[in-house]
Amino acid sequence: MFTEPHRPIDFLRRRGWLEVVCGSMFSGKTEELIRRLTRARIARQRVEIFKPALDTRYHDQNVVSHNQNSIRSTPVQSPSEILLLAGGATDVVGIDEAQFFDESLVDVCRQLADAGTRVIVAGLDMDYLGRPFGPMPALLATAEFVTKVHAVCVCCGELAAYSYRLSASESQVLLGETDAYEARCRPCFLAGPAARPAIEAARAAWAALGLVRR
Ligand SMILES: [Zn+2]
């Protein structure tokens, strides 16, 4: 588990850095972001949280994770707004759903960290086709600390790194996730729709043995 580097109480020499938490859908990225931000608040640091304005899945103002833990956040249209709003008075800046921002987020995070801010970014590392997503590759390359969290494959129970899209849409951005995506491991992601009959067949076999209810 990630723990914060020791930060001496020295208000004249602030030290900034960049942390990235990445993974697929349902991997617990946002829970991890909230955990770190909550710890910073306990340490009486000034915390600001931002997310792209287009991500209005659950609630306009809150960063909300699937387990309903939430923390107040500010929706912004572009990364440059983060610089304006975070200003110099913020110790820790959290950014959720970073994959939806454009590449300028990379330079904004660098400027914040250079100026002494601890920046914690959470986002999808790959899109539904397994391609690196938006500014995430450059953020991963320039971060001091990288944490990749994993979901559980709904087909076979292995660790899952892919977000498998159940709908036929070909848009890279598709919100409303629980019904539109599932977490899958590499073989089940590659198997596509064929991975589903496999688990249904297994379930039927288990049911025949009386191991599970139909
Ligand atoms: Zn699998």
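**Cysteines, a strand pair and a helix**

Mentor: Not counting residues up to four places away in sequence, Cys185 touches Cys153, Cys156, Glu158, Leu159 and Ala160; two residues are in contact if their C-beta atoms, placed from the backbone, lie within 7 Å. Residues are numbered from 1 along each chain as its sequence is written. The model is predicted: local features need pLDDT of at least 70 and side-chain atom pairs count only at pLDDT 80 or more, whereas totals for chains, interfaces and linings use all residues.

Trainee: Why is Cys185 called buried?

Mentor: A residue is buried if 20 or more other C-beta atoms lie within 10 Å of its own, exposed if 12 or fewer, and partly exposed in between, with C-beta atoms placed from the backbone. Cys185 has 24 C-beta neighbours inside 10 Å, and therefore counts as buried.

Trainee: What makes Phe26 partly exposed?

Mentor: Phe26 has 19 other C-beta atoms within 10 Å, so it is partly exposed. Phe26 also has a positive phi of about 65 degrees although it is not a glycine. Most residues other than glycine have a negative phi.

Trainee: Which residues does UniProt list for "binding site"?

Mentor: The unreviewed UniProt entry lists Cys153, Cys156, Cys185 and Cys188. UniProt positions are given in the numbering used here, feature names are shortened, and annotations may be inferred rather than shown by experiment.

Trainee: How do you know that Cys153 is buried?

Mentor: There are 24 other C-beta atoms within 10 Å of Cys153, so the residue is buried. Its contacts beyond four places in sequence include Cys185 and Cys188.

Trainee: How many bridges join strand 11 to strand 12?

Mentor: Strand 11 (residues 162-165) and strand 12 run antiparallel and are joined by 4 bridges; two strands pair if DSSP finds at least two bridges between them. One of the partners is Arg184, bridged to Tyr162. Strands (E, at least two residues) and helices (H or I, at least four) are DSSP runs, numbered from the N terminus.

Trainee: What makes the span of helix 1 agree with expectation?

Mentor: The expected span is 1.5 Å times one less than the number of residues. Helix 1 (residues 29-42) has 14 residues and should span 20 Å; its end C-alpha atoms are 20 Å apart, so the span agrees. Arg44, which follows helix 1, has a positive phi, near 60 degrees.
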